[in-house]
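The sequence and the structure come next, and the sections after them go through the parts in turn.

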Amino acid sequence: MDIISLSQVVFQSMIRYPDIKIPKGKTTFIHGPSGCGKSTLLKLINGTISPDSGEIVFNGNNIDDIDTIKLRRDILLVSQSVFLFSGTIEENFKKYYEYRDQETPSKEHMEKFLQICRAEFPLETRCETMSGGERQRVYIAIFLSFMPEVLMLDEPTSALDNTSSDIIMSNIKNFSDDNDMTTIVVSHYLPLAQKYGDNIIALERSRP
Amino acid sequence: MRQIAAISLVQFSIVYILLLVVLAVMKKAKINQTKLLFVASVRLTLQLTLAGFILTYIFENPHPIFILMYLTSMILFAIHRVLSKNKCVNRGFKIAISLSLTCSGLGIVIFFVTAVVGQSIFDPQYVIPLSGMIIGNAMTGVNLATKTFCESLSEKRQQMESLLNLGVTPQKILLPMVNQALETALLPTLNSMLGMGIVSLPGMMTGQILSGTLPTTAILYQISIMIAICAVVCLSVFGSLYFGYKTLYNSRNQFLYL
């Protein structure tokens with residue numbers, strides 16, 4: 001069963017997407033040359049930008065008919081540009097949960113997701129002192145901890161070495177499978193897609 | 001109280017000697033701004049001379065049309081200054097700034113002149129100097145607030161994108177930035193209220209005392225104008241930002257410029 005489908009989607013008269021189907025509960029990798037609209041596709045799916053034409057369907061409903069805030073909470077996009085508030089890891093969890101009007105999770109909950117993302121730093125660690133790769137892992141852990149129905153990761157391993165990338169993707173894949181979470185990953189690194197993707201969508205540069 | 005002593009043109013010209021002192025210091029310190037000093041002095045003299053003649057004419061021939069023209073040109077100038085210094089804002093935001101400056105500026109001027117001072121809104125002796133102070137301060141406040149808000153927008157791009165992706169409403173993302181800009185714009189006025197009468201005697205009060213007004217009367221004017229300035233800065237900045245920030249996203253909760 002497909003959880004998300006796109007048909008005849010065109011964005012700003014520049015990018016024409018092929019018809020895409022994302023299977024529920026699986027890990028789908030999106031692959032393609034830079035400039036083909038991979039990141040744009042994720043933004044179209046979570047409704048932070050709109051297509052010129054075409055239809056995007058989530059759980060049988062056109063996303064135009066779904067409340068955008070609810071849509072973005074159900075289809076959570078972890079963008080490539082990492083943002084952490086100044087302060088400790090724990091304070092960052094607190095701040096992000098405050099913005100979502102949710103209670104701060106327990107320390108065990110935070111540590112569990114940090115561990116999945118291979119960011120087992122003490123919760124008191126200040127984020128300003130971390131390296132780019134460490135910050136990226138903490139950022140993914142915070143977003144993953146919201147346990148959305150669909151998790152979209154835009155180049156989640158861009159600041160990581162191959163070993164860390166491998167472990168994190170393996171952990172996220174196992175976690176998604178265990179929790180019936182659908183995962184969409186944009187990655188330029190094909191071996192990662194081949195290893196962890198249940199489904200690979202190759203995009204090409206296209207002009208309408 | 002004695003009336004103010006009139007300055008003869010000969011006496012007045014002596015003051016320009018002080019400019020020569022400034023020039024000498026600048027030369028000694030190798031500050032290469034001699035041309036600016038010259039242009040600034042000439043412009044100061046010409047502009048104020050012109051203003052003096054215009055005001056003398058208006059005071060001798062008081063007519064509502066002059067007051068309306070004066071207020072209109074002052075507000076248009078204030079709007080133009082703010083908009084030309086803050087190019088980052090979109091069309092809707094510009095409208096919000098223009099309307100807020102006009103409504104709050106005029107509202108406070110009318111309230112101050114008619115209710116606090118108890119004079120006609122078309123009395124040039126009161127309207128012209130008071131509206132200059134009120135609208136001038138509103139302009140500075142809105143300018144500072146808009147600049148601060150625009151800087152926040154460009155500095156916090158990643159934060160805004162992350163929170164939007166997390167399913168946070170644009171209002172909730174932008175409001176802390178609006179409040180911070182409002183605070184930044186209000187602080188100079190609040191700080192000047194703190195030091196007033198201790199650090200310095202403010203301009204309007206000094207002017208009134210020089211022209212022979214009793215200090216007790218001058219104080220009442222000064223206190224009330226400071227409160228009016230505080231109110232106009234608060235209202236004009238609040239209006240500009242609270243109506244302006246709503247133009248930055250659409251009904252689909254998408255930022256319109258990211």
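## Terms and model

Two residues are in contact if their C-beta atoms, placed from the backbone, lie within 7 Å. The model described here is a predicted one.

## Chain B as a whole

Chain B has 10 helices and zero strands, and from the N terminus on its elements therefore read α-α-α-α-α-α-α-α-α-α. Its C-alpha atoms fill a box of roughly 70 × 55 × 35 Å along the principal axes, and 28% of the 258 residues of chain B count as buried. Among contacts in chain B between residues at least 6 apart in sequence, those that join residues at least 24 apart make up 74%.

The domain assignment of chain B gives two parts, with domain 1 covering 1–61 and domain 2 covering 64–248. The C-alpha centres of domain 1 of chain B and domain 2 of chain B are 28 Å apart, and the contact between the two domains is made by seven residues of domain 1 and nine residues of domain 2. On the side of domain 1 of chain B that touches domain 2 of chain B, five residues are nonpolar, one is polar and one is charged.

## The nonpolar core

The largest nonpolar core has 101 residues, and those with the most contacts inside it are Ala141(A), Met152(A) and Ile134(B). Helix 6 of chain B, which spans residues 124–155, gives the largest share of this core, with 11 residues.

When residues up to four places away in sequence are not counted, Ile134(B) touches Gly105(B), Ile108(B), Val109(B) and Phe112(B), and also Ala228(B), Ile229(B) and Val232(B).

## Strands of chain A

In chain A, strand 1 (residues 2–11) pairs with strand 5 (residues 53–58) in the antiparallel sense, over five bridges. Strand 5 of chain A also pairs with strand 6 (residues 61–62) of chain A, again in the antiparallel sense and over two bridges. Val57(A) takes part in both pairings, as the bridge partner of Ser5(A) and as the residue that stands opposite Asn62(A) in strand 6 of chain A.

Strand 5 and strand 6 of chain A form a hairpin with two residues between them, and in its turn Asn59(A) has a positive phi of about 50°.

## Helix 3 of chain A

Which residues of helix 3 (residues 89–99) of chain A are buried? They are Ile89(A), Asn92(A), Phe93(A) and Tyr96(A). These residues cover an arc of only 100° around the axis, and therefore they lie on the same side of helix 3 of chain A. In general, an α-helix has 3.6 residues a turn, so residues three or four places apart point the same way.

What covers the buried residues of helix 3 of chain A includes helix 4 (107–116) and helix 5 (132–144) of chain A. Just after helix 3 of chain A, a positive phi of about 55° is found at Asp101(A).

## The contact between the chains

The contact takes 17 residues from chain A and 15 residues from chain B. On the side of chain A that touches chain B, the elements that give two or more residues are helix 2 (68–74), strand 7 (75–78) and helix 3 of chain A. Of these, helix 2 of chain A gives the largest share, four residues. By class, this side of chain A divides into seven nonpolar, seven polar and three charged residues.

Conventions: Residues are numbered from 1 along each chain as its sequence is written. Chains are lettered from A and ligands numbered from 1 in the order in which they are written. This is a predicted model: local features need pLDDT of at least 70, side-chain atom pairs count only at pLDDT 80 or more; totals for chains, interfaces and linings use all residues. Domain bounds come from an automatic or database domain assignment. Ala, Val, Leu, Ile, Met, Phe, Trp, Tyr, Cys and Pro count as nonpolar, Asp, Glu, Lys and Arg as charged, and the others, Gly among them, as polar. Two strands pair if DSSP finds at least two bridges between them. A residue is buried if 20 or more other C-beta atoms lie within 10 Å of its own, exposed if 12 or fewer, and partly exposed in between; C-beta atoms are placed from the backbone. The arc is that of the directions from the helix axis to the C-beta atoms. A nonpolar core is a set of buried Ala, Val, Leu, Ile, Met, Phe, Trp, Tyr and Cys residues joined through C-beta atoms within 7 Å.
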